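Please keep the sequence and the structure at hand while reading.

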Amino acid sequence: MMMISSGTAFQTLRLAPSLFKPPTLQTLTRTLSRHRHGLLRGSPLLPSLLRAVSSPALQPSSPAVEEDKVVAKPQWKAAIDFKWIRENKDLVVANIRNRNSSADLELVLELYEKYLALQKEVERLRAERNSVANKMKGKLEPSVRQALVEEGKNLKEGLVALEDDLVQLTDRLQQEAQSIPNISHPDVPIGGEESSVVKKMVGSRPEFSFTTRDHLQIGKDLDLFDFDAASEVSGSKFYYLKNEAVLLEMGLVNWALSEATKRGFTPLTTPEIVRSSVVEKCGFQPRGQNTQVYSIEDTDQCLIGTAEIPVGGIHMDSILPDSALPLKYVAFSHCFRTEAGAAGTATRGLYRVHQFSKVEMFIFCRPENSNMYHEELIQIEEDLFTSLGLHFKTLDMATGDLGAPAYRKFDVEAWMPGLGRFGEISSASNCTDYQSRRLGIRFRPSLDTSPTNLKKGKGGNSSAPTQFVHTLNATACAVPRMIVCLLENFQQEDGSVVIPETLRPFMGGLQVISPKFK
Amino acid sequence: MMMISSGTAFQTLRLAPSLFKPPTLQTLTRTLARHRHGLLRGSPLLPSLLRAVSSPALQPSSPAVEEDKVVAKPQWKAAIDFKWIRENKDVVAANIRNRNSSADLELVLELYEKYLALQKEVERLRAERNSVANKMKGKLEPSVRQALVEEGKNLKEGLVALEDDLVQLTDRLQQEAQSIPNISHPDVPIGGEESSVVKKMVGSRPEFSFTTRDHLQIGKDLDLFDFDAASEVSGSKFYYLKNEAVLLEMGLVNWALSEATKRGFTPLTTPEIVRSSVVEKCGFQPRGQNTQVYSIEDTDQCLIGTAEIPVGGIHMDSILPDSALPLKYVAFSHCFRTEAGAAGTATRGLYRVHQFSKVEMFIFCRPENSNMYHEELIQIEEDLFTSLGLHFKTLDMATGDLGAPAYRKFDVEAWMPGLGRFGEISSASNCTDYQSRRLGIRFRPSLDTSPTNLNKGKGGNSSAPTQFVHTLNATACAVPRMIVCLLENFQQEDGSVVIPETLRPFMGGLQVISPKFK
């Protein structure tokens, strides 16, 4: 999830809880089932139950528009554990506060209570209708039969209306509840980004006996990239890599893939155009003014901002066998980001660009193992950056810096002489079941942990209820920032740049990028 | 330009030439200059000259809509050599016919004559206005002055209207002329695709002593790709590469880059999001129902279908020094194509997909060298495919198969056992000055070919007029089709696939992809 901030959805749809004083549900239901008779569904003359109970702020003068807002239908549903949220209300509230989330827990719980009540009422009406239907099975006086027919008709109409309302209420509840962020690991520091805790520090600041140049200047001197042409052809913050920079990119990608594969990760390349719903299910917002996501015209597709999205989606809507876990992937993709609102902050050169190559690790695992794999992922990152000879620190990111899906996030920041400070080069997040509840990825735990279970026979160990897997993602190598680090840290007085030994085998043995003499 | 068909633009804008019987220009100009007085520009009450002379078929009942169609303003202008077209009318007409182009040469020439006449008329009016202005400089009778003032005013209004008309006529002329395809090399066979001539045949059809599988089955058996998950996450014709297929992709890309670099090509990576205008300037149609181009929502940008576009654009609107030519680039990019209308024809598996990796060669050169470099490019392709051990043929493609930008195109088709026929794996096109006239890429020929020119001193050799460069493009490696070839041609009876020796150093020494036993 490096560099994309996620969460905080549907703000325009939220109503202030203080305005929220509905009439009792029972009364309304009765009224509705009586008065709906003969009226068209959705007629502005008679507001539906949902609007009545949830939208006192609506102006009757523009019912159509307002109704659109309320019932904006989600394309998919997250399997949110409402019971757990209700039972852990204080924890959830504190977490929302700590993460500066705009999620509205009170509203979610109110909607949930209403949902439960409405569901109960629907069931009650169904039972009543069945009972009326049963009464009509015998021989009856015509007047009694007529009364029953009338009652059944009324009940049916009321039921249809309530069922519609239940659908709408469910959608609304989904929308509101989906903006609740994942809970946070107990060790996550509480506060803004500045509260993040340094977990590890590797190497030391390089000392230069000459005036250093930033990567833009080095790249210009060594003819390594072209921002000017890209600005004409594509727009600002696009670039061509040229000459040894192409070797460097290919070398970094091959090296990172190779290192991760060695450690048991399955290499992938991924689609870079995905359905918007998959982006949402991973916890990103593909629409809206400040979206980081490029959308494809006239489709429901968009460009990926990270391979986390297509890799997370590779097991969407499936039940994995317990024996397949953990599933460890390492994916190479290009990533595309609008970088809306990123003007000003360290935007020079390759630091923040619209398109870049990235090698991303991703793990699907049993819930009890996700903390362990989170440590494994950050360890791999640290090993990789250490072997490149970078000076970096690992941070346990504070609550205020976590995207909605993350339970805990470790960032790595490397020393960038051009910036004169540490800059983010990677990120490793444990998303626990936040993404899997949206992507619908479960596993069926084996029960055969003791020999006694063998007696149950063949079907025995598949009878356990399914659980949601945990997902984790971590950058192995975000190419442009890595190029920034390598050029700036390994620049020499003669204008050349020394390639770290680790990378040389992946760059045809190249040891140094030297100035070209033409 | 492999796999994208280009050309045939603006069909809906064209009017039948037989309907085209304008009044004489001189009369109209006069009428207009007189009647325009006091009327708002563009008022439907009085049609502008352009509509009067060029659009007799327009219905007066919907002038706004029809006017929109006629004056749809191009965002850029091609430097089309109209004089040459007029002087070579028969060649151009025959070429349009041979290439099944829907360009309308008669209309272009008519518009061009009108353009010249209107330009002349504008100049005449300007001179007249100046003469009136000069007459007013001396002392004059008030009645004479008044008459001159009136005449000057009328002339000015007429001129403003005519200048507007000239702008619109120029735009219309551009639109029509831009759809004229490049002329064809004299050796290009005339006819449809079936008339293409085999230029070379390499290797022989592999013989198998066992029942062969197609690449989809091989990929399934060896766990090399996942189309099913990609179909859920992204849509049909998307895919994940997995395991050794990722190594194969990276190996192919690195190998192709390395081979081209060895031959003096400068390696590049490119933006994959570009302005739509650059796509148009390269001769592709980014808009319209059957476009192959994905557009980005709410921008004027789109995804590239080939690196030819951003590489062609890298020197857009510039004058290159003669000494810099030839400029040879080899670019690695991902390519994105809607493949609209491609249903049915060899669409199984990796053969035709929405996204793929490609290494593309591109040359900017002096006009007199483009045929030579075209031969060099096809030779490089043949060397590359030979070194992989493929059985293939090179075709000199017939006029009917050439996209609008191509002067000549050599395709390479390799034997694909799964298809049971040859399938296109690469394409090399000489676009002469078609793209450079649109992209605005010129060079200034040096004049110092003989020592006598040295006498002219420092500035002497930069005084030659600029000329348009020629551009050429050629596929070095379109990864998915190469994977199809390798898997299908080098499959073994035991289910494994042998990696060609050439690629092994780029795949960590891997010699064979073997079935996995889990």
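## Terms and model

Two strands count as a pair if DSSP finds at least two bridges between them. Strands of a sheet pair through backbone hydrogen bonds, in either a parallel or an antiparallel way. The model described here is predicted.

## A three-strand sheet

In chain A, 3 strands make up an open sheet, ordered β7-β13-β14, with mixed pairing. The edges are held by β7 (318–321) and β14 (467–468) of chain A; each has a single partner strand, so one side of each has no neighbour in the sheet.

Strand β13 of chain A covers residues 441–444 and is joined to β14(A) by 2 bridges, the two running antiparallel. Phe443(A) has Gln467(A) as its bridge partner in β14(A).

## Strand β8 and its cover

Strand β8 of chain A spans residues 327–336 and is mostly covered, with 10 of its 10 residues buried. Leu327(A), Tyr329(A), Ala331(A), Ser333(A) and Cys335(A) point one way from β8(A). Lys328(A), Val330(A), Phe332(A), His334(A) and Phe336(A) point the other way, and the residues of both groups are all buried.

## Partners of β8

Which strand pairs with β8(A) in the parallel sense? It is strand β4 of chain A (residues 266–269), over 4 bridges. Here Pro267(A) has Val330(A) as its bridge partner in β8(A).

Strand β9 of chain A (residues 355–365) runs antiparallel to β8(A), and 10 bridges join the two. Within β9(A), Ile363(A) is the bridge partner of Lys328(A).

Definitions and conventions. Residues numbered from 1 in each chain as written. Chains lettered and ligands numbered in written order. Predicted model: local features only at pLDDT ≥ 70, side-chain atom pairs only at ≥ 80, totals over all residues. Heavy atoms only, no water. Buried < 20%, exposed > 50% of the residue type's maximum accessible area, 1.4 Å probe, protein only.
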